Amino acid sequence: QTKEVLLAPVVISRNENEQVLVEASINSVRISIKIKQADDLERVLAHKFTRFLMMRAENFVILRRKPVKGYDISFLITNFHTEQMFKHKLVDFIVQFMEEVDKEISEMKLSINARARIVAETYLQQFP
């Protein structure tokens, strides 16, 4: 990689825990996403969820198997992808992914907390 073909990377950030890094070059764009992780449970869920997706990277044509350091998941869109796919659909996919991943992790967290509450109540019923 030569510096002449790389453009300046752009970081879009809501806060230090939610960031998107966009690295463009002449024939590709790498988009790296740092998913919101407020506590240890969200950290574990985000790690497991992104690992699950990255293990199936061949099914998501633009998903990279290994994220950029400091980020949770990365996408690589090359000029071949933009020739084969609709550009606006690629953008829609990335935006929808960012919206859905937060929602999925929140739902998983609520499900785990509800399950833990039921288990705790069941366990504590043994002691009158």
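Student: Which residue of β4 stands opposite valine 29?

Tutor: This is a predicted model, where local features need pLDDT of at least 70, side-chain atom pairs count only at pLDDT 80 or more, and totals for chains, interfaces and linings use all residues. Residues are numbered from 1 along each chain as its sequence is written, and side-chain values use heavy atoms, with hydrogens and water left out. Strands (E, at least two residues) and helices (H or I, at least four) are DSSP runs, numbered from the N terminus. In β4, the residue opposite valine 29 is isoleucine 77.

Student: How many bridges join β3 to β4?

Tutor: Two strands pair if DSSP finds at least two bridges between them. Strand β4 covers residues 73-78 and runs antiparallel to β3; phenylalanine 75 in β4 is the bridge partner of isoleucine 31. The number of bridges joining β3 to β4 is six.

Student: What is the bridge partner of glutamine 19 in β3?

Tutor: Strands β2 (residues 18-24) and β3 (residues 28-34) run antiparallel and are joined by six bridges. They form a hairpin, with three residues between them. In β3, glutamine 19 has as its bridge partner lysine 34.

Student: Which strands stand at the edges of the sheet?

Tutor: The open sheet has four strands in the order β1-β2-β3-β4, with antiparallel pairing. Each edge strand has a single partner strand, so one of its sides is left without a neighbour in the sheet. The edge strands are β1 (10-15) and β4.

Student: What angle does the direction of α3 make with that of β4?

Tutor: Helix α3 packs on the sheet and touches β2, β3 and β4, contact meaning heavy atoms within 4.5 Å. Axes are lines fitted to C-alpha atoms, for helices over the stretch in contact, and angles run from 0 to 180 degrees between N-to-C directions. The direction of α3 makes with that of β4 an angle of about 175°.

Student: At what angle do α1 and α3 pack?

Tutor: Helix α1 covers residues 40-55 and helix α3 residues 87-124, and their axes are 10 Å apart. Among the residues in contact, Leu41 and Phe49 belong to α1, Phe97 and Ile112 to α3. The packing angle is about 125°.

Student: Why is the pair of phenylalanine 75 and phenylalanine 97 given its class?

Tutor: Rings of Phe, Tyr and Trp (its six-membered ring) pair if their centres lie within 6.5 Å, and planes under 30 degrees apart count as stacked, over 60 as edge-to-face and the rest as tilted. By this rule the count comes to four aromatic pairs. The centres of phenylalanine 75 and phenylalanine 97 are 5.1 Å apart and their planes stand at 85°, so the pair is edge-to-face.
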